[in-house]
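Here is a short tour of a protein chain for someone meeting it for the first time. Have a look at the sequence and the model, then read on.

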Amino acid sequence: MDHLTLHEDPISGNCYKIKLTAALLDIPLATIAYDVTKGETRTPKFLATINANGRIPVLQIGTGDTVRFLPESNAACWYLADGSDLIPTDRFDRADMLRWMFFEQYNHEPNVATLRFWLKFVGERNLSEAQRGQLAAKRAGGEAALQLMDEHLTGREWFVGETPTLADIALFAYTHVAEDGDFVLGDYPAIQAWLTRMSALARYVALV
Ligand SMILES: N[C@@H](CCC(=O)N[C@@H](CS)C(=O)NCC(=O)O)C(=O)O
């Protein structure tokens, strides 16, 4: 595989997904750190050369003249895991795995990750009026996502099929730190058991 470098912020669960995927697959991954709270992904240079969307994670593939940049955490996880046991070979299961990864980006991350960021890294008293006005909706959305996950995991070990896939990695990243956003993981016993299974995987690495 080409030399791989992750442009990341170490506090970011989206970046962690990629580091966890690489670790589980024993793929070497260099990192370059940015501080999103200081706008370091919004500089003209970053926008022009790394990601015009102004966000990390970005997986850099190769170096020099042949370098390519792949933003979006779940796309980067797919790039790393293509052909591995983390992506099912069964056609339905592969699509079902994507279903949970899209769910993660639409229903889970915008609520669970955003509340974690606002409460743990920005601080409630520093939130804008607009952000304050979204707190209740974000909490309700996050709780609904966690409830759905808990129901799905009741009687199952993994989101799809009989082994861990990228769906588990994508959803694990912000679920296991959801208490940073004042979500109560004790309300979701099947999620708690799944979190324990995830952190027991061979070559598992922690967020920070
Ligand atoms: N859908 C994207 C979300 C990326 C994202 O929101 N990144 C955040 C950190 S987790 C970021 O770079 N924020 C800095 C900014 O928006 O200026 C993904 O899954 O990679």
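## Cysteines first

A disulfide here is a pair of cysteine sulfur atoms within 2.5 Å. By that rule the count comes to zero. Take Cys15: its sulfur is 10 Å from the closest cysteine sulfur, in Cys77, and that's too far for a bond. Cys77 is likewise in no disulfide, with the sulfur of Cys15 as its nearest cysteine sulfur.

Are these two cysteines buried or exposed? "Buried" means under 20% relative accessible area, "exposed" means over 50%, and "partly exposed" is in between (1.4 Å probe, protein chains only). Cys15 has a relative accessible area of 0%, so it is buried. Cys77 comes in at 2%, so it counts as buried too.

## What kind of model this is

This is a predicted model: local features need pLDDT of at least 70, side-chain atom pairs count only at pLDDT 80 or more, and totals for chains, interfaces and linings use all residues. Residues are numbered from 1 along each chain as its sequence is written, and side-chain values use heavy atoms, with hydrogens and water left out.

## The whole chain

The chain has seven helices and four strands. Both are DSSP runs numbered from the N terminus: helices are H or I with at least four residues, strands are E with at least two. Starting at the N terminus, the order reads β-α-β-α-β-β-α-α-α-α-α.

How does the chain's radius of gyration fit with a compact globule? This radius is taken over C-alpha atoms, and the globule rule is 2.2 Å times the number of residues to the power 0.38. For 208 residues the rule gives a value near 17 Å, and the chain has 17 Å, so the two agree. Along its principal axes, the C-alpha trace spans about 50 × 45 × 25 Å. Of the 208 residues, 47% count as buried.

## Two domains

The chain splits into domain 1 (4–81) and domain 2 (91–199), with bounds that come from an automatic or database domain assignment. Their centres, taken over C-alpha atoms, are 21 Å apart. Where the domains are in contact (heavy atoms within 4.5 Å), 17 residues come from domain 1 and 18 residues from domain 2.

## The nonpolar core

A nonpolar core is a set of buried Ala, Val, Leu, Ile, Met, Phe, Trp, Tyr and Cys residues joined through side-chain atoms within 4.5 Å. The largest one has 58 residues, and Met149, Phe159, Leu166, Ile191 and Trp194 touch the most other members. Elements giving two or more residues to this core include β1 (4–8), α1 (13–24), α4 (91–122) and α5 (129–153). Domain 1 and domain 2 each supply at least three residues.

Which residues does Phe159 contact, leaving aside neighbours within four places in sequence? They are Trp100, Met149, His152, Leu153, Ala167, Asp168, Leu171 and Trp194.

Ser12 lies in the loop between β1 and α1. Its relative accessibility is 11%, so Ser12 counts as buried. Not counting residues up to four places away in sequence, Ser12 touches Ile56, Tyr174 and Leu207. Ser12 and Ala113 are 101 residues apart in sequence, yet 8.8 Å apart in space, C-alpha to C-alpha.

Leu98 is found in helix α4. At 29% relative accessibility, Leu98 counts as partly exposed. Ile87, 11 residues from Leu98 in sequence, is 9.6 Å from Leu98 in space, C-alpha to C-alpha.
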